Amino acid sequence: MLFRSEAGNILGDVVINVPRAESQAEAYGTGFYDEIYRLLIHGILHLSGYEHENSRYRAEKMRNKEEVVFDAVKKMDSKH
């Protein structure tokens, strides 16, 4: 899936390894689609400039943003 900035610039692609998502969902005890949501959100945040590998502060900041976005997506999904 290709993502663009508000200015129309290409930010990049998010590619999800479906078999890996299935195994992670099983390992973490989450649903398959929840894992897909999480991986997609994680990838979009990376494209938006979030990083988690260089510092604990940045990792925590990214993790918090993932949770906020995930909760919002789940809330919207439950209304349908």
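Helices here are DSSP runs of H or I with at least four residues, numbered from the N terminus. By that count, Q24 lies in helix α1. The model is predicted. Its protein chain holds three helices and two strands. Read from the N terminus, the order is β-β-α-α-α. The briefing starts with the whole chain, then takes the helices and their packing, and ends with single residues.

**Overall chain**

- The C-alpha atoms of the protein chain fill a box of roughly 35 × 35 × 25 Å along the principal axes.
- The protein chain has 80 residues, and 19% of them count as buried.
- Take the contacts between residues at least 6 apart in sequence: 35% of these join residues at least 24 apart.

**Helix α2**

- Helix α2 covers residues 32-47.
- α2 has 16 residues and spans 23 Å from first C-alpha to last, close to the 22 Å expected at 1.5 Å a residue.
- Its buried residues are E35, I36, I41, G43 and L45.
- The cover over these buried residues of α2 includes α1 (18-28) and α3.
- After α2 comes G49, with a positive phi near 105°.

**Helix α3**

- Helix α3 covers residues 56-78.
- α3 has 23 residues and reaches 33 Å from first C-alpha to last, close to the 33 Å expected at 1.5 Å a residue.
- A59, M62, E66 and F70 are buried in α3.
- α2 is included in what covers the buried residues of α3.

**Packing of α1 on α2**

- Two packed helices are described by the angle between their axes and the distance between the axes.
- For α1 and α2 the angle is about 115°, and the axes are 9 Å apart.
- α1 and α2 are therefore roughly perpendicular to each other.
- Their crossing is right-handed.
- From α1, the contact takes in V18, A21, E22, Q24, A25 and Y28.
- From α2, F32, E35, I36 and L39 meet them.
- The residues of this α1 and α2 contact divide into seven nonpolar, one polar and two charged.

**Packing of α2 on α3**

- α2 and α3 pack at an angle of about 130°, with axes 10 Å apart.
- That angle makes α2 oblique to α3.
- The crossing of α2 and α3 is right-handed.
- The α2 side of the contact consists of D34, Y37, R38, I41, H42, L45 and H46.
- The α3 side consists of M62, K65, E66, V69, F70, V73, K74 and D77.
- The residues of the α2 and α3 contact divide into seven nonpolar, two polar and six charged.
- I41 and L45 take part in this contact, and both are buried residues of α2.
- M62, E66 and F70 meet α2, and these three are among the buried residues of α3.

- Q24 has a relative accessible area of 14%, so it is buried; the cut-off is under 20%.
- Beyond residues up to four places away in sequence, Q24 touches E35 and L39.
- E35 is itself a buried residue of α2.

**F3 in strand β1**

- F3 lies in strand β1, residues 2-4.
- F3 is buried, with a relative accessible area of 17%.
- F3 and I44 are 41 residues apart in sequence, yet their C-alpha atoms are 8.0 Å apart.
- Leaving out residues up to four places away, F3 touches N9, I10, L11, G12, V14, L40, I44 and L47.

**The loop between α2 and α3**

- S48 is found in the loop between α2 and α3.
- S48 is partly exposed, at 49% relative accessible area, because the cut-off for exposed is over 50%.
- The C-alpha atoms of S48 and R4 are separated by 9.9 Å, though the two residues are 44 apart along the chain.
- N54 lies in the loop between α2 and α3.
- N54 counts as exposed, at 62% relative accessibility.
- N54 and A21 are 33 residues apart in sequence and 24 Å apart in space, C-alpha to C-alpha.

Terms used. Residues numbered from 1 in each chain as written. Predicted model: local features only at pLDDT ≥ 70, side-chain atom pairs only at ≥ 80, totals over all residues. Heavy atoms only, no water. Axes fitted to C-alpha atoms, helices over the stretch in contact; angles between N-to-C directions. Parallel < 35°, antiparallel > 145°, perpendicular 65-115°, else oblique. Left-handed = near helix turned anticlockwise from the far one by under 90°. Contact = heavy atoms within 4.5 Å. Nonpolar A, V, L, I, M, F, W, Y, C, P; charged D, E, K, R; others polar. Expected span 1.5 Å × (residues − 1). Buried < 20%, exposed > 50% of the residue type's maximum accessible area, 1.4 Å probe, protein only.
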